[in-house]
Amino acid sequence: MPHVTLLPLGSTMRVLRPHPNLYAFYDGRIEGARAWSAAPNWLDDGAYALGVCVYAVVDGTDAIVYDTHISLAHARAMRRTLEEAGVRTIRVVLSHWHDDHVAGNEVFADCEIIALAATERALAAHRAALESGDPPIRPLVMPNHVITGPTRLKVGALKVELEPAEIHSHDGLILLLPELGIMLAGDTLEEPITYVAEPERLGAHLEELQRVKGWGYQHILPNHGAPDAIAAGGYGPELIDATIRYVRKLIRTRTDMSLADQDLSTFIAGDLATGTLTYFGPYEEVHANNVKKVMALP
């Protein structure tokens, strides 16, 4: 087994500024390093190794934090950064229920935590697993403002739109900044490839990707992507097209075994050649698992 360097939790988080009204709190994608344990665990293998980023939208003394990161240490550092920048009012929006998006909720327990009703239900259903996971999210702090559909907010003078989108997870919630042309995508979009969590719903995810494409946003900031791309302002709408191509091809693996046997670099070779996507080795395992999940469908 190769030597692994265990770095203190939160010590490698970088603060990126893709836009004057945005903070991007990025961690991971550090070769040979882990943040929690040398043993398999959700924090390192599902987030840190792939690169994980959460965002804060700020205008004046107001902020919306979009997801609470992978640990309390990360969440504390985020809150400290915002408060040192003059933020006095913080609200939280959860993009969906998965562990690497809600692990820091406790740090914001005194704030308004907004989530879809579907997210609240999923967190309640998985509470035992989340609180006993490795690492544990204990106590799991639940949302205290539940919404059921599209919702309009303001951060200072900035308009914010929350739009449900069933991509990656049935409870996906995208944050839009229409005046800035910016989409905070959560895990509905990921680069280089989507992480398949609900393979039986891939057909619905495809339809939703087409709907999201129709919104026409030119700057897309995902929770998992390359730090340089995020720092430079995000991805363009071509990321949506690449995701659509990947999901369609993934569905075809059920009837074309030659596709099922391809490694990631071969599977997305066209988008790598055009520069639409960038190859990142740890996603080989994500792709292999995506194929296994699709092939296992009844």
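Helix α6 is the leading contributor to the lining of the largest cavity, giving 3 residues. The model discussed here is predicted. Across the whole structure, a search turns up 1 cavity of 30 Å³ or more, and the largest cavity holds about 60 Å³ of space. Its lining is made up of Ile167, His168, Thr194, Tyr195, Val196, Ala197, Leu202, His205, Leu209, Thr243 and Val247. Both α6 and α8 supply at least two residues each to this lining.

Which residues of α8 are buried? They are Leu239, Ile240, Ala242, Thr243, Ile244, Tyr246, Val247, Lys249 and Leu250. The buried residues of α8 pack against several helices, namely α6 (202-213), α9 (257-260), α10 (264-267), α11 (269-274) and α12 (283-295), and against the strand β14 (219-222).

With 13 residues (72-84), α2 reaches 18 Å from its first C-alpha to its last, close to the 18 Å expected at 1.5 Å a residue. At its start, a side-chain oxygen of Ser71 comes to within 3.3 Å of the backbone nitrogen of Ala73. After the helix comes Gly86, which has a positive phi near 100°. The buried residues of α2 are His74, Ala75, Ala77, Met78, Arg79 and Leu82. Their packing partners are the strands β3 (22-27), β5 (52-59), β6 (62-66) and β7 (89-93).

Finally, what about the cysteines? How many disulfides does the structure hold? The count is 0. For Cys53, the closest cysteine sulfur is that of Cys111, and it lies 19 Å away, which is too far for a bond because a disulfide needs the two sulfur atoms within 2.5 Å. Cys111 is likewise in no disulfide, with the sulfur of Cys53 as its nearest cysteine sulfur. Are these residues buried or exposed? Cys53 has a relative accessible area of 0%, so it is buried. Cys111 is buried as well, at 8%.

How values were computed. Residues are numbered from 1 along each chain as its sequence is written. This is a predicted model: local features need pLDDT of at least 70, side-chain atom pairs count only at pLDDT 80 or more; totals for chains, interfaces and linings use all residues. Side-chain values use heavy atoms; hydrogens and water are left out. Buried means under 20% relative accessible area, exposed over 50%, partly exposed in between (1.4 Å probe, protein chains only). Helices (H or I, at least four residues) and strands (E, at least two) are DSSP runs, numbered from the N terminus. Contact means heavy atoms within 4.5 Å. The expected span of a helix is 1.5 Å times one less than its number of residues. A polar contact is a pair of N or O atoms within 3.5 Å; within protein, one must be able to donate a hydrogen and the other to accept it, and residues adjacent in sequence count only if both atoms are side-chain atoms. On a 1 Å grid over the protein atoms alone, a cavity is a set of points where a 1.4 Å probe fits but cannot get out, and a pocket is an open set with protein on both sides within 12 Å along at least five of seven lines; lining residues have an atom within 4 Å of a point. Grid points are joined across faces, edges and corners, and a volume is the space filled by probe spheres set on the points.
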